[in-house]
Amino acid sequence: MLVEIPEVLDTEQLEAVRRLLADAPFVDGRLSAGTAARPVKRNEELDPGDRRIEALNRIVMGALTRHPLYLGAALPHRVAVPFYARYRPGMAYGEHVDDPVMGPPGGRYRSDVSVTVFLNGPEEYDGGELVVETTFGPRTVKLPAGHAVLYPSSSRHRVAEVTRGERLVAVTWVQSLVRDPARREVLFELDQARRALIEADPTAEPARRVQAAYANLVRMWAEV
Ligand code: NI
């Protein structure tokens with residue numbers, strides 16, 4: 001399941017992010033790449049020791065982790081500290097699968113869901129599409145600034161070469177309460193129905209039944 005989440009960040013938040021990234025120190029993205037990804041990764045990432053990271057995380061992760069679509073689709077248990085990546089002309093990220101286990105010793109997590117938040121607009125660069133292999137063929141994703149996409153970390157994916165301008169994204173990973181992507185998809189569908197029913201009439205019997213079924217399915221499948 002690939003889920004696009006519109007308007008994670010508003011104009012004001014995007015401006016703040018862009019201001020923070022404007023004069024920030026970027027380093028070679030290969031420094032953070034796993035062994036499988038290193039030969040195909042050609043991008044730059046904000047120096048992980050930079051002081052701006054905290055402010056960026058407050059804005060980007062603060063907004064993402066409150067978004068109901070994100071919560072429903074990812075069912076987050078643990079969330080990684082994001083990377084802020086920049087692709088300039090000639091840069092790309094060849095096909096790979098994300099590392100299954102990430103994080104420092106003592107803070108390890110399993111990557112179930114990969115997340116990209118687009119920090120600038122598609123009109124600002126050519127190329128740079130995220131291409132995710134799905135069971136229905138490749139899906140190409142290039143979203144407006146402030147939008148995000150979620151997809152299973154088990155998917156093969158790549159970022160096409162940027163040929164003009166600059167592509168700015170935040171990328172992060174989630175260890176989900178529910179590790180099976182098929183179960184997460186069922187829960188996501190049910191969550192959408194549940195929200196609509198509750199919004200229409202929270203006291204109606206169908207709303208209460210779907211709400212209870214949703215809660216009990218999560219209880220049945222969640223690993224904490
Ligand atoms: Ni990746």
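Biologist: Which element gives the largest share of the lining of the second largest pocket?

Modeller: This is a predicted model, in which local features need pLDDT of at least 70 and side-chain atom pairs count only at pLDDT 80 or more, whereas totals for chains, interfaces and linings use all residues. Residues are numbered from 1 along each chain as its sequence is written, and side-chain values use heavy atoms, without hydrogens and water. A pocket is an open set of points, on a 1 Å grid over the protein atoms alone, where a 1.4 Å probe fits with protein on both sides within 12 Å along at least five of seven lines, and lining residues have an atom within 4 Å of a point. Among strands (DSSP runs of E, at least two residues) and helices (H or I, at least four), numbered from the N terminus, the largest share, three residues, comes from β12.

Biologist: Which residues lie closest to the centre of the second largest pocket?

Modeller: The volume, taken as the space filled by probe spheres set on grid points joined across faces, edges and corners, is about 300 Å³. Of the 14 lining residues, the closest to the centre are M1, L2, T134, T135 and P152.

Biologist: Is D112 buried or exposed?

Modeller: D112 is found in the loop between β9 (109-110) and β10 (113-118), and, beyond its neighbours within four places in sequence, its contacts (heavy atoms within 4.5 Å) include P152, Y151 and R184. Buried means under 20% relative accessible area and exposed over 50%, with partly exposed in between (1.4 Å probe, protein chains only). Because its relative accessible area is 8%, D112 is buried.
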